[in-house]
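The stops below run in order, each with something to select.

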Amino acid sequence: MKGTINKKIPYLFIAPALILLCLFSLFPIFVALIISFTDIDLAGLADWSTISFIGIKNYLDVLSDPIFLKSILNTLFYVVFGVPLVIVCSLGIAILINYGKAPIFKAFRAVFYMPSVTNVVAVAVVWSYLYNPQFGLFNYILGLFNIPAVPWLQDPLMAKISLIALALWRAIGVNMIIFLAALQGIPKTYYEAAQLDGASDWKQLTKITIPLLRYAIFFVSITTMIGWLQFFEEPFIMTDGGPLDSTTSVALFIYRNGFQLSNFGYAAAGSFILFIAIIIVTLIQFRLQKKEVDY
């Protein structure tokens, strides 16, 4: 009897977390899946009798929607260029700060972390000024070197690059903290042994530091990839998807159809396509993860 009770005690400890997970994560996903097979709109929320089951029509329509296809290409652009930039910049800054001996490097931790805790609306206001084609700081600096003004948010390609730069600036802080924590966990004895063997700083970086950071790099790559696949705040606030939907991400497309056009079923179908894409990408990343390195 006592052994049976002891076996059930762990379930009591994890029960609150499981209940919250089911209530606020799994149940909404299940509801969204059902909604994606209906034509529910704003009127349907008030009167459920107006809702009709339409099968996979929403999925067929959304996959043939040119704006949705364009939003997929835009999101892929953000992921392909944004994710590597975030990882490389975060890791590089973390290594420089970790091995920097001067007191100023401690202040750099706060400097680089500050953007990640700053309100995105306030950030957007400041960066809108920086990107202003006539009075912005960036074009002013370019003008000092007689370089023509750049249409930061007016040109379709340049607008995407500008949003990536803004998101990169905001994303470095959190990832830098993760890398710094991982760097602090590498035993000093590895570096001492390498220095006794005459290994250069580059050898120590590539043969000790980077391999032992593989789990941190993997975690950052997973979370960063998911974040960029759900890229929303920057295009929503800075460009509202323009110009010509060139910065519309999949998340912004879903928001427009769900909360601006009241096509909840249509938006739910788009969100499930994004959900499946995130699952596939995550599984691929887990599959590509290399086996543990022994030292």
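Begin with Phe112, which is partly exposed because its relative accessible area is 30%; buried means under 20%, exposed over 50% and partly exposed in between, with a 1.4 Å probe and protein chains only. This is a predicted model, where local features need pLDDT of at least 70, side-chain atom pairs count only at pLDDT 80 or more, and totals for chains, interfaces and linings use all residues. Residues are numbered from 1 along each chain as its sequence is written, and side-chain values use heavy atoms, with hydrogens and water left out.

**Aromatic rings**

Helices are DSSP runs of H or I of at least four residues, numbered from the N terminus. An α-helix has 3.6 residues a turn, so residues three or four places apart point the same way.

How many aromatic pairs does the structure hold? There are 21. Phe108 and Phe112 form one that is edge-to-face, at 6.3 Å centre to centre with 75° between the planes. Rings of Phe, Tyr and Trp (its six-membered ring) pair if their centres lie within 6.5 Å; planes under 30 degrees apart count as stacked, over 60 as edge-to-face and the rest as tilted.

Next select Trp127, Tyr131, Phe138, Trp152 and Trp169, a cluster linked by ring pairs.

**Charges over rings**

Show Lys160 with Phe77: the charged end of Lys160 sits over the ring, 5.6 Å from its centre. Do likewise for Arg214 and Tyr215, where the distance from the charged end to the ring centre is 4.9 Å. Such a charge is NZ of Lys or CZ of Arg within 6 Å of the ring centre and within 35 degrees of the ring normal.

Select residues 66-99, helix H4. Its 34 residues should span 50 Å, and the end C-alpha atoms are 49 Å apart, which agrees; the expected span is 1.5 Å times one less than the number of residues. At the start of H4, a side-chain oxygen of Asp65 comes to within 2.9 Å of the backbone nitrogen of Ile67. Further along, H4 bends by about 30° at Gly82, with Pro84 following within four residues. The bend is the angle between axes fitted to the seven residues ending at a residue and the seven starting there.

Now pick Asn74, also in H4. Is Asn74 buried or exposed? Asn74 is buried, with a relative accessible area of 4%. Its side chain reaches the backbone oxygen of Ser246 at 3.2 Å. Not counting residues up to four places away in sequence, Asn74 touches Lys160, Asp245, Ser246, Thr247 and Thr248; contact means heavy atoms within 4.5 Å.

Go to Thr239 in helix H12 (residues 233-239). Thr239 counts as buried, at 15% relative accessibility, and its side chain reaches the backbone oxygen of Pro235 at 3.1 Å.

Then select Asn175, in helix H8. Asn175 is buried at 7% relative accessible area. Leaving aside neighbours within four places in sequence, Asn175 is in contact with Val86, Ser90, Val220 and Thr224.

**Last stop: H10**

Select Gln204, Ile208, Thr209 and Pro211, the buried residues of H10. These pack against H4, helix H8 (156-184), helix H9 (188-196) and helix H11 (214-229).

Note on methods. Helix = DSSP H or I, 4+ residues; strand = E, 2+ residues; numbered from the N terminus. Polar contact = N/O pair within 3.5 Å; in protein donor to acceptor, adjacent residues only side chain to side chain.
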